[in-house]
Amino acid sequence: MKMNSFFVLVLLCLILCLTLCPTTGALAGSFKLVSQDVADGAMLHDAQVLNSFGCLGGNRSPALEWRDPPAGTQSFAVTVYDPDAPTGSGWWHWLVFDIPATAAGLPADAGSAEGAGLPAGSIQSLTDFGAPGFGGACPPQGDKPHRYVFTVHALDVPSLGLDAKAMPALVGFMLHQHSIGKASFTARYAR
């Protein structure tokens, strides 16, 4: 009998907490990343395909928009990652960080080598192509469709303290250390 009373009390406390505790965007899980150029689950367009390694695309990063970041966000980072690349460790197509907390997105082609479309203070670091900036999709000919995971990370620091020569693994480590939330969508591409 005492055990049943205990479980009822715990259940009532849980219901009371869920009913009365305020929820913010972060708690409600409303942090969202979208693109007018790339739909979640869809195939990438030629504009987001690399113009090298036998691929003939536009090599343009898509426009990205995010909303409802977690409270306490001091900066953002954006990454594009292909977990299906035949390397044993995937392939980093884009890493940009120290994006000011006032930003709510990036325009199309912000990932150009010059980064002219990036907010002031933003840093693009090395990708697995060996240079900063967006590197479009270009999976091996005949391979299954690869997934390209676009992610915006909300961070608890205004700067990661890294520069444009930072390797993708180091940027990833720092993102995991300072992430207070993230939002993603996945696109696909094959040739």
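Biologist: What makes Cys-55 and Cys-138 a disulfide?

Modeller: The structure is a predicted model, in which local features need pLDDT of at least 70 and side-chain atom pairs count only at pLDDT 80 or more, while totals for chains, interfaces and linings use all residues. Residues are numbered from 1 along each chain as its sequence is written, and side-chain values use heavy atoms, with hydrogens and water left out. A disulfide is a pair of cysteine sulfur atoms within 2.5 Å; the sulfur atoms of Cys-55 and Cys-138 are 2.1 Å apart, and the two therefore form a disulfide. By this rule the count comes to one.

Biologist: Why is the pair said to tie together separate parts of the sequence?

Modeller: Cys-55 lies in the loop between strand S1 (32–34) and strand S2 (64–67), and Cys-138 in the loop between strand S6 (123–124) and S7, so the link joins parts 83 residues apart in sequence. Strands here are DSSP runs of E with at least two residues, and helices are runs of H or I with at least four, numbered from the N terminus.

Biologist: Why is Cys-55 called buried?

Modeller: Buried means under 20% relative accessible area, exposed over 50%, and partly exposed in between (1.4 Å probe, protein chains only). Cys-55 has 4% relative accessibility, so the residue counts as buried. Cys-138, at 15%, is buried as well.

Biologist: How do you know that Lys-144 and Asp-84 meet in a salt bridge?

Modeller: A salt bridge requires a side-chain nitrogen of Lys or Arg within 4 Å of a carboxyl oxygen of Asp or Glu. For Lys-144 and Asp-84 the N to O value is 4.0 Å, and the pair is therefore a salt bridge. Arg-147 also forms a salt bridge with Asp-84, with the closest N and O atoms 2.7 Å apart.

Biologist: Is Asp-84 buried or exposed?

Modeller: Asp-84 has a relative accessible area of 13%, so this residue is buried. Lys-144, at 51%, counts as exposed, and Arg-147, at 34%, as partly exposed.

Biologist: Which residues of helix H3 are buried, and why are they said to line one face?

Modeller: The buried residues of H3 (residues 168–178) are Pro-168, Val-171, Gly-172, Met-174, Leu-175 and His-178. Seen down the helix axis, they fall within an arc of 165 degrees, so they line one face; the arc is that of the directions from the axis to the C-beta atoms. The face turned away from this buried side carries the exposed residues Ala-169 and His-176.
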